[in-house]
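Please walk me through this structure in the viewer, one selection at a time. For each stop, say what to select and what is there.

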Amino acid sequence: MSTASAKSIAIIGVGGIGTYILRAFLNLPNRPKIVVFTRSDSKGKAVPDDLASVPIVSVDYTDVAALTTLFKDHAVDVVISTLASSPAAQKAQYSLADAAKAAGSVKLFAPSEWGLPTEGAKERGESNVFAVKDEFADHLKSIGLPYARFYTGLFAGYLPWLIALDVTSSAHILGKGDKPLTVTSETDIGGFVAHVLTSYPLSSPELVNQSFRIQGQSITLNEAAQIYGKSIVYIAEGGQVPAGSEGESGHKAALQAEVEGGRATVGWDRRAGTYSSELAGSANKLWQGHVWQTLESIVGKN
C-alpha cells in the first residue's frame, strides 16, 4: 500500500471555490505539483494575478481521450472538481471520472460537492441537484475510482447574497430565520482540502471513499443579519427573495427553504431525514490546531 500523499493535483475549474483551493495549495511549504484545467470555450481570465504561475490547460471537458492524455502527461494522482451545479457541468464530471480511471495514475477523485450533504438524495427519490451529485458519486463507485466528498455548508462569502444584501439594505429571510445552518469561509475550505490531501497517504482509510463534513460555524439567518447590522424583512412561504432576476430569486428561495427546513447544515443526514450533532463538523478534528473563521471575524476584517 502506498504511503505517499498527493504529488500532482489537477483542479478542474477555478472560477469560484477552486481559486481558494488553489491558493491554499500554493501556500504550503512543500506543495505538490498543480495544474488547472479550464474549458476550451471558457472566456475571460482563468486565475487571479497572484496565481498566474500555475500551468493552465484548456480542454474540452467532454473529450475523454484528451482528458486521459492530459492526466497521464501530468502524472495526476488527485483530481479536484470545482465545476458548477448546472446540468452541463455535472454531466461533464462523468467524462472527467472516466478519463481519470483510464489514465491509471489517479488515486483519488474529489467530485464537485462544496455545499450541503447529498448522500441519500438519490435513494430518497429526490429530483434536485443533491440527487444529481449523489448519482455521480454512485458512478465513481461503479468504475472503482476512489473518491473524497467535501461538505462545507454555505460559503461565508455567499451569505449576504442569500439574504438579498447584494440588492437591498435589509436582510430578507424566508420563514422565521431561527434554524441553524453551516457557514464556512472559503479560505478555511481551501485550507482544509490542501491540509488533508497532503497530510494523509492517498491510500489511507482517512481519505479513500470518505465524506468530510466541515463546519466553520453554526448560525441562524437572524444572527447573521444582526452581525451584518441589518434590519430584517420576513417573507412568507411562497414569497420572493429580492434578486437581480426571477431565476436568481428562485435560487435564493430554494436555498432558504433548505435553511428553514433545517437541512442547511452539514449535520443533516439526508438518508435518515434527521439532524445529527455527531455529523456536524465531524471532519474538523482532522485539522488539529486550526482556528476556524466565524462570520463575526470575517465581517470585522471588512
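## Start of helix H2

Select aspartate 63 and alanine 65: at the start of H2, a side-chain oxygen of aspartate 63 comes to within 3.3 Å of the backbone nitrogen of alanine 65. Keep in mind throughout that this is a predicted model.

## Along H2

Now select the whole of H2, residues 64-73. Which of its residues are buried? They are Leu67, Thr68, Leu70 and Phe71. These residues lie on the same side of H2, because they cover an arc of only 165° around the axis. An α-helix has 3.6 residues a turn, so residues three or four places apart point the same way. Turn the view to the face of H2 directed away from its buried side, and the exposed residues Ala65 and Asp73 are there.

## The loop after H2

Select alanine 75, which follows H2 and sits in the loop between H2 and S4. Its phi is positive, about 50°, although alanine 75 is not a glycine. Most residues other than glycine have a negative phi. Alanine 75 counts as partly exposed, with 44% relative accessibility.

## The sheet

Show the strands next. Five of them form an open sheet with parallel pairing, in the order S3-S2-S1-S4-S5. The edges are S3 and strand S5 (108-110); each has a single partner strand, so one side of each has no neighbour in the sheet. From one strand to the next, the twist averages 20°.

Zoom in on S1 and S4, which run parallel and are joined by four bridges. Isoleucine 12 stands opposite serine 81 in S4. H2 packs on the sheet, where it touches S1, S2, S3 and S4, and its direction makes about 160° with that of S3. Then select helix H1 (residues 17-26): it lies across S1, S2 and S4 and runs at about 160° to S1.

## The nonpolar cores

Where do nonpolar side chains tend to be in soluble globular proteins? They tend to be buried together. The largest nonpolar core here has 38 residues, and Leu22, Phe25, Ile80, Trp114, Phe150, Phe192 and Leu197 touch the most other members. S1, H1, S2, S4, S5, strand S6 (148-151) and helix H6 (186-199) each give two or more residues to this core.

Select leucine 22 and show its surroundings. Leaving aside residues up to four places away in sequence, leucine 22 touches Ile11, Val14, Ile34, Val36, Val47, Leu51 and Val54. A second, separate core has 26 residues, among them Val57, Val59, Leu67 and Ala92.

## Alanine 164

Move to the loop between helix H5 (159-162) and strand S8 (171-174), where alanine 164 lies. Alanine 164 is not a glycine, yet it has a positive phi of about 70°. Is alanine 164 buried or exposed? Alanine 164 is buried, with a relative accessible area of 0%.

## Helix H7

For the last stop, select H7, residues 221-228. Leu221, Asn222, Ala224, Ala225 and Tyr228 are buried there. Look down the axis of H7: the buried residues fall within an arc of 160°, so they line one face of the helix. Just after H7 comes glycine 229, with a positive phi of about 70°.

Conventions. Residues numbered from 1 in each chain as written. Predicted model: local features only at pLDDT ≥ 70, side-chain atom pairs only at ≥ 80, totals over all residues. Heavy atoms only, no water. Buried < 20%, exposed > 50% of the residue type's maximum accessible area, 1.4 Å probe, protein only. Arc of directions from axis to C-beta. Polar contact = N/O pair within 3.5 Å; in protein donor to acceptor, adjacent residues only side chain to side chain. Pairing = 2+ DSSP bridges. Axes fitted to C-alpha atoms, helices over the stretch in contact; angles between N-to-C directions. Contact = heavy atoms within 4.5 Å. Core = buried A, V, L, I, M, F, W, Y, C linked by side-chain atoms within 4.5 Å.
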